[in-house]
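Biologist: Could you walk me through this model before I set anything up with it?
Modeller: Gladly; have a look at it here and then ask away.

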Amino acid sequence: MRNQLRLLLLTAMVSLFMSATWAQTGTIAGKISDSEGEFIVGANVYLQGSTIGTTSDVNGMYKLDNVPAGDVNLVISMLSYSTEVMKVNVKAGQTTTLNVVLKSSAFDLKETVVVGYGVQRKSDLTGSVSVVSAGELKQVATANVAQS
């Protein structure tokens with residue numbers, strides 16, 4: 001009888017500890033738009049220094065679940081917009097709403113190269129860069145653009 005009581009008490013304590021651990025996360029959600037009020041589709045939203053992240057949908061909406069409670073740095077970035085880093089206080093078990101307005105970036109896209117691991121300026125690249133115009137692609141006889 002005494003061992004059953006100990007087992008029951010141990011089970012109750014573990015259950016309380018597990019529920020307290022799960023409740024230490026919250027949610028951050030909101031809308032991303034530009035200075036003209038247009039929704040930004042595909043903006044990257046992530047917690048700095050973690051693997052928790054998402055992208056905004058066609059309505060500019062995003063939602064991050066399982067965010068650790070407390071102060072976190074939220075990073076919002078999109079090509080041709082300035083990157084915003086915002087400190088957010090996340091409360092356990094609650095949803096924090098954060099709507100973000102990104103400002104248009106003032107750099108020349110002719111000098112921007114999109115690579116498989118990010119975006120770099122043309123002058124910062126260490127490899128070769130080629131430019132293929134639409135006219136050159138039309139001159140090649142292929143069934144689709146991927147073959148060109």
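Modeller: To begin with contacts (heavy atoms within 4.5 Å), residues 24 or more positions apart account for 49% of those in the protein with a separation of 6 or more. This is a predicted model, in which local features need pLDDT of at least 70 and side-chain atom pairs count only at pLDDT 80 or more, while totals for chains, interfaces and linings use all residues. Residues are numbered from 1 along each chain as its sequence is written, and side-chain values use heavy atoms, with hydrogens and water left out.

Biologist: How many helices and strands does the protein have?
Modeller: There are two helices and 10 strands, taken as DSSP runs numbered from the N terminus (helices H or I of at least four residues, strands E of at least two). Along the sequence the pattern reads α-β-β-β-β-β-β-β-β-β-β-α.

Biologist: And what share of the residues is buried?
Modeller: Of the 148 residues, 21% count as buried, where buried means under 20% relative accessible area, exposed over 50%, and partly exposed in between, with a 1.4 Å probe and protein chains only.

Biologist: What about strand 1, buried or exposed?
Modeller: Strand 1 is largely enclosed by the rest of the structure, because eight of its 10 residues are buried.

Biologist: Which strands does strand 1 pair with?
Modeller: Strand 1 pairs with strand 4 in the antiparallel sense over six bridges, two strands being paired if DSSP finds at least two bridges between them. It also runs parallel to strand 7, with three bridges joining the two, and parallel to strand 8 (residues 100-102), again with three bridges. Ala29 stands opposite Lys63 in strand 4 and has Thr97 as its bridge partner in strand 7, whereas Ile32 stands opposite Val100 in strand 8.

Biologist: Switching to Tyr62, what surrounds it?
Modeller: Tyr62 sits in strand 4, residues 61-68, and counts as buried because its relative accessible area is 4%. Beyond residues up to four places away in sequence, its contacts include Ile28, Ile32, Val45, Leu74 and Leu98. Its side chain also reaches the backbone oxygen of Leu98 at 2.7 Å.

Biologist: And Thr96, which strand is that in?
Modeller: Thr96 is in strand 7, residues 95-97, and at 18% relative accessibility it counts as buried. Aside from neighbours within four places in sequence, Thr96 is in contact with residues including Thr27, Ala29 and Val88.

Biologist: Which strands make up the open sheet, and in what order?
Modeller: The open sheet has four strands in the order 3-2-5-6, with antiparallel pairing. Strand 3 (53-55) and strand 6 (84-90) stand at the edges with a single partner strand each, so one side of each is left without a neighbour in the sheet. Neighbouring strands of this sheet are turned by 20 degrees against each other on average, direction ignored; for such angles the axes are lines fitted to C-alpha atoms, for helices over the stretch in contact, and values run from 0 to 180 degrees between N-to-C directions.

Biologist: How do strand 5 and strand 6 pair?
Modeller: Strand 5, residues 70-77, pairs with strand 6 in the antiparallel sense over seven bridges. Val72 stands opposite Val88, and Ile76 stands opposite Glu84. The two strands form a hairpin with six residues between them, and Ser80 in the turn has a positive phi of about 75 degrees.

Terms used:
Contact = heavy atoms within 4.5 Å. Polar contact = N/O pair within 3.5 Å; in protein donor to acceptor, adjacent residues only side chain to side chain.
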